Amino acid sequence: MREINSNKKIDYKNLEDYWISATGKTLYSKFIDRYNKKMWLVKSNKEIDTFSWSPKGPALKKGSRAVYGGQICSYPKSLDGYNNFFDKLQKSKKIKVILKEQVKVINLKKKIFKIRNKKEKFDIIVNTISPDFLLNYKFGELKFIGRDIHKIVLPVKNLLPNKVAFIYYANNEKFTRICEFKKFTKHKSNSTLVLLEFPSFNGKHYPLPLKKEIKKAQKYLKSLPDGYFSIGRAGSYRYEVDMDDSIEQALKIEEIIKDNSYDGPLPLKRWWNLN
Ligand SMILES: Cc1cc2nc3c(=O)[nH]c(=O)nc-3n(C[C@H](O)[C@H](O)[C@H](O)COP(=O)(O)OP(=O)(O)OC[C@H]3O[C@@H](n4cnc5c(N)ncnc54)[C@H](O)[C@@H]3O)c2cc1C
């Protein structure tokens, strides 16, 4: 406790300096150091130099122990989550959905793409994958971390305590967290499904919270011709873009198109800010 002094100046330069100045070396080494190194697959937490994705301010607080204290966490009522919503979209006569296809850029400026061996021209493009793809990686490939997900069904009603959906592991385990899905879905069963998440380079799930990479992504975004949007976690290249943010961005695009007020690929100015 001697290391914690709530009145001292907190250092915001990088993740390691921030947490050591906020909680002291002992708590840093127990809860922050190894977890973040495995989460981001970095050698040193000093490499991590943006913070808006994690709660700041007083690191130790009274009251609720939930990380994001007052925030609401929600999940669809339907047992199959969001599937039903997307299945309905596919059946709509107003839109055409093409699945399991790779897109090839033929002419970026004219918005001509090759899909199913056919050239198609579009008026507006909404991209939700890493923007480097559109510009043929000309400034270098943007870094991402992926996940190997191990699924296990256990012959017990519940694995984690009541109301606990996730447990995060801050020691030498190779996985970052365990998630018990029943806690979200409220599914009734004598067995339970749990997922273990192992950080890897398999997939582009997590854009890195590094200023250098975010600036590179912004260079890509600024190089896109008019009429392009790039949204979502990968399209914005921001780890802190969650599902609610992706939906907000999509709704903003609707507004921009209706008002004819296009002024760049990334709607909502706050996603350009770096801190
Ligand atoms: C393990 C994990 C846990 C998460 N937990 C939460 C949570 O609890 N709450 C929350 O709000 N958010 C959570 N998120 C974030 C959330 O998943 C994203 O914010 C959201 O999925 C972004 O939606 P999107 O449609 O922009 O992109 P995505 O859902 O990533 O969709 C992009 C799609 O593009 C496809 N694709 C990629 N490259 C190509 C290509 N070259 N050609 C064709 N298709 C391609 C991908 O396969 C994918 O289906 C989590 C993310 C991860 C990885």
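In what sense do strand S2 and strand S3 pair, and over how many bridges?

A: Strand S2 (residues 112-115) and strand S3 (residues 118-121) pair in the antiparallel sense, over 4 bridges. This is a predicted model, in which local features need pLDDT of at least 70 and side-chain atom pairs count only at pLDDT 80 or more, while totals for chains, interfaces and linings use all residues. Residues are numbered from 1 along each chain as its sequence is written. Strands (E, at least two residues) and helices (H or I, at least four) are DSSP runs numbered from the N terminus, and two strands pair if DSSP finds at least two bridges between them.

Within this pair, Phe113 stands opposite Glu120 in S3. S2 and S3 form a hairpin with 2 residues between them, and Arg116 in that turn has a positive phi of about 50 degrees.

On the S1 side, 3 bridges join S1 to S2, and these two strands run antiparallel. The bridge partner of Asn107 is Ile112 in S2, and that of Lys104 is Lys114, also in S2. S1 and S2 form a hairpin too, with 4 residues between them; here Lys111 in the turn has a positive phi of about 60 degrees.

Taken together, 3 strands form an open sheet in the order S1-S2-S3, with antiparallel pairing. Its edge strands are strand S1 (104-107) and S3, each of which pairs on one side only. The twist averages 35 degrees from one strand to the next, where axes are lines fitted to C-alpha atoms (for helices over the stretch in contact) and angles run from 0 to 180 degrees between N-to-C directions.

There is also an open sheet of 5 strands, in the order S6-S7-S8-S5-S9, and its pairing is antiparallel. Its edge strands are strand S6 (166-168) and strand S9 (206-207), each pairing on one side only. Strand S5 (residues 144-154) pairs with S9 in the antiparallel sense over 2 bridges, and Tyr206 in S9 is the bridge partner of Ile145.

Among the helices, the axes of helix H1 (residues 15-23) and helix H2 (residues 25-40) come within 8 Å and cross at roughly 150 degrees. Leu15, Trp19, Ile20 and Thr23 in H1 meet Lys25, Leu27, Tyr28, Ile32 and Asn36 in H2; contact requires C-beta atoms, placed from the backbone, within 7 Å. By class, this contact has 6 nonpolar, 2 polar and 1 charged residues. Ala, Val, Leu, Ile, Met, Phe, Trp, Tyr, Cys and Pro count as nonpolar, Asp, Glu, Lys and Arg as charged, and the others, Gly among them, as polar.

Finally, the ligand is surrounded by 17 residues, the closest being Thr128, His205, Gly232, Asp242 and Met243; a residue counts as near if its C-beta atom, placed from the backbone, lies within 6 Å. Helix H6 (232-236) and helix H7 (243-259) are the elements that give two or more residues to this shell. H6 gives the most, with 4 residues. The shell divides into 6 nonpolar, 6 polar and 5 charged residues.

Key
Contact = placed C-beta atoms within 7 Å.
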